[in-house]
Amino acid sequence: RMQAAREQAQSANWLAVEAGGAALLLPLRQSSEIFTPVPLRAVPYAQPWLLGVANLRGGLHTVLDLAAFLGLRDPAAARSDGARLVTLNPDLNVNCALLVDRLLGLRSDDQLQALETPAHDGTRPRFAGGQWRDAQGRRWQALDLESLARHEQFLRIVA
């Protein structure tokens, strides 16, 4: 479905997800496929937010708990039954899947109002994109998955 959404005339720009209670927007062009959680192989000495390695369509993907990585939830906390794995686009050259609590559908820029976003002054990570508000008043934080895939903390998986 993600591939079909990318190939159609782009009206939707974002995959809307929830992680640790936060409403997040993942760029469709930087996302790939969605999977239900599968059994994971643990990775010794890994960061607590790194859940393990999964075989997704024959490829090995590192799986990380997005809410725990962002500091929105304790890594040991229980996860939602509606959790899904969202893989990063292969063009980003990182075999990775993000565990999110819920999928909330697709969003387009015309469904969202851009909010003033603070400048990157060192307190916000580079992967934190713009902030948006929808018609219901819910605030959304966009994540730049390409910047996330190059972020120093993201790449430092050993505890």
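**Close-ups of a predicted model**

Buried residues account for 45% of the 159 residues in this protein, and the model you're looking at is predicted.

**View 1. The whole chain, to get your bearings.** You'll find four helices and 11 strands here. Now take the contacts between residues at least 6 apart in sequence: 56% of them join residues at least 24 apart.

**View 2. An open sheet built from five strands.** Reading across this sheet, the order is β3-β6-β7-β5-β4, and the pairing is mixed. At the edges sit β3 (31-35) and β4 (50-56), each of which pairs on one side only. Ignoring direction, neighbouring strands in the sheet are turned by 30 degrees against each other on average.

**View 3. Zooming in on β5 and β7.** Strand β5 covers residues 59-65 and strand β7 covers residues 96-100; the two run parallel, joined by four bridges. To spot one of the pairings, look for Asp 65, whose bridge partner in β7 is Leu 99.

**View 4. Strand β10 with β9 alongside.** Is β10 mostly covered or mostly open? Mostly covered: five of the seven residues in this strand, which takes in residues 128-134, are buried. Strand β9 (residues 112-115) pairs with β10 over four bridges, in the antiparallel sense. Within this pair, Leu 112 stands opposite Asp 134 of β10.

**View 5. The hairpin of β10 and β11.** Strand β11 (residues 139-143) runs antiparallel to β10, and four bridges join the two. Between the strands of the hairpin come four residues, and Gly 137 takes a positive phi near 90 degrees.

**View 6. A glycine in a loop.** Where does Gly 82 lie? Look in the loop between α2 (66-69) and β6 (84-88). Gly 82 counts as partly exposed because its relative accessibility is 31%, which falls between the 20% limit for buried and the 50% limit for exposed. Which residues does Gly 82 touch, leaving aside neighbours within four places in sequence? Those contacts are Asp 101 and Arg 102. Gly 82 and Arg 102 are 20 residues apart along the sequence, yet their C-alpha atoms are 5.4 Å apart in space.

How values were computed: Residues are numbered from 1 along each chain as its sequence is written. This is a predicted model: local features need pLDDT of at least 70, side-chain atom pairs count only at pLDDT 80 or more; totals for chains, interfaces and linings use all residues. Side-chain values use heavy atoms; hydrogens and water are left out. Two strands pair if DSSP finds at least two bridges between them. Axes are lines fitted to C-alpha atoms, for helices over the stretch in contact, and angles run from 0 to 180 degrees between N-to-C directions. Buried means under 20% relative accessible area, exposed over 50%, partly exposed in between (1.4 Å probe, protein chains only). Contact means heavy atoms within 4.5 Å.
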